[in-house]
Amino acid sequence: MTTAAIIVAAGKGLRLGGAVPKQYQDLGGKTVLTRTVEALLACQGINLILTAIHMDFRGYYDDAIAGLQADRLLPPTAGGDDRASSVRLALEALAPHAPDRVLIHDAARPFVQSDLLNQLCATDGGAILAEPVVDALWREGVAGAETPVPRAGLWRAQTPQAFPFAGILDAHRADVASDSPALDDAETYRRAGCDVALIAGDPDNFKITTTADMDRARRLVAKETCMEIRTGHGFDVHRFVPGDGVWLCGVHLPHSHRLDGHSDADVGLHALADALYGALADGDIGQHFPPSDPQWKGTESHVFLSHAAGLVRERGGRVVNADITLLCETPKIGPHANAMQARIAEIMDTDASRISVKATTMERMGFIGREEGMGCIANATVELPL
């Protein structure tokens, strides 16, 4: 099993002004660093979190992480005089843990999302989050704008940046004596002759550097906190007919029968889609995809669930969690529950940790107990702007 650690670079950070480094300043009732570490702890793909700090600010750090104690959160390590040395010292401190991969992140980027962290953890070699440059670029001269710079193929780097642990540690060790400091860890890794992939980042994953950045961050937090919780409920049943397998929660299970329906009759995805529509107070599958319309005949049910999850995103919301209970005597669900959980998360573009899939029998009672069909109960919780 691949293990991944993340280093959070939290040095002096005084460029924002004032005696308190920016990562320890207030952002909507929590420090910037608190929000950053919370975002990292929310990603189950990260096994260890190590923060490199300036020890003059150890008290600020302790206050920031108070209440966030977790086995994955290691005691902080002392950073160096600059970011590169801080990262190298943190890598050395991680060496006894020997993770397979390491991500390196700025403490002042508190809005990184779990899906991007998971992509970085799953990449084999070096990889960085980045955004393509879309604005016109000019090189400054004595009189102001002097020379236009073509922006084709240019990207703005973000963090985290991810690497094989042994490779980036060796690269930092080799780069210590360089007369030309690397711009970031990706350049250090490239100097060692290794490739670095580009993964499209998120515009909200910006680094708080100026007072304008902090104002933007506070607006974003305020927008996120002006939310309401909605819940929806879904239920679906389908009868068995002769066949060779059933589709359940997006996974095909070999079986002596199949479920009969206008689409592929996936009771799990149907019930969950209806739960999402219910949370939005936006009807049900039949209203969005009428069975009287022949174009939906035989449609794979992931289309319905993807549409429902897309409506949540379009309204500025997010799926907090989904809980699916399949009702059946056969086939056995337990051996396939993890695959179903992963498939639903993929369809909904969310983290699998937000999805629960389980099953129960009907104790041989009723049409489900007689194995004439099966059903599903689903509940979904979403967060929507007020």
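Student: How many nonpolar, polar and charged residues does the lining of the largest pocket have?

Tutor: In this predicted model, the lining has 14 nonpolar, seven polar and 14 charged residues. The lining residues number 35, and Q113, E224, R318, R354 and E383 lie nearest the centre of the pocket.

Student: What makes a residue such as E224 a lining residue?

Tutor: A lining residue has an atom within 4 Å of a point of the pocket. E224 is among the residues that line the largest pocket. The volume of this pocket is about 1,300 Å³.

Student: Which helix gives the largest share of the lining?

Tutor: Helix α7 does, with five residues. Other elements that each supply at least two residues include α1, α4 and β18.

Student: Why is L33 called buried?

Tutor: Buried means under 20% relative accessible area. L33 has a relative accessible area of 0%, so L33 is buried. This residue is found in helix α1.

Student: Why is D185 called buried, while R83 is called partly exposed?

Tutor: The cut-offs are under 20% for buried and over 50% for exposed, with partly exposed in between. D185 is at 2% relative accessibility, so D185 counts as buried. R83 has a relative accessible area of 30%, so R83 is partly exposed.

Student: How do you know that R83 and D185 form a salt bridge?

Tutor: The cut-off is a side-chain nitrogen of Lys or Arg within 4 Å of a carboxyl oxygen of Asp or Glu. For R83 and D185 the closest N and O atoms are 2.8 Å apart, and the pair forms a salt bridge. R83 is in helix α3 and D185 in helix α6, 102 residues apart. Both residues belong to a network of salt bridges that also links D106 and R109.

Student: What makes K358 and D323 a salt bridge?

Tutor: The same cut-off of 4 Å applies. The N to O distance for K358 and D323 is 2.4 Å, and their side chains meet in a salt bridge. K358 lies in strand β17 and D323 in strand β16, so the pair ties together parts that are 35 residues apart in sequence.

Student: Why does D236 have no salt bridge?

Tutor: A salt bridge needs the nitrogen within 4 Å of the oxygen. The nearest side chain of opposite charge to D236 is R239, which is 12 Å away, and D236 is buried without a salt bridge.

Student: What joins the side chains of D236 and H270?

Tutor: A polar contact of 3.2 Å joins them. The cut-off for a polar contact is 3.5 Å.

Note on methods
Residues numbered from 1 in each chain as written. Predicted model: local features only at pLDDT ≥ 70, side-chain atom pairs only at ≥ 80, totals over all residues. Heavy atoms only, no water. 1 Å grid on protein atoms, 1.4 Å probe; cavity = no way out; pocket = protein on both sides within 12 Å on 5 of 7 lines; lining within 4 Å. Points joined across faces, edges and corners; volume = space filled by probe spheres on them. Helix = DSSP H or I, 4+ residues; strand = E, 2+ residues; numbered from the N terminus. Nonpolar A, V, L, I, M, F, W, Y, C, P; charged D, E, K, R; others polar. Buried < 20%, exposed > 50% of the residue type's maximum accessible area, 1.4 Å probe, protein only. Lys, Arg positive; Asp, Glu negative; His and termini not counted. Polar contact = N/O pair within 3.5 Å; in protein donor to acceptor, adjacent residues only side chain to side chain.
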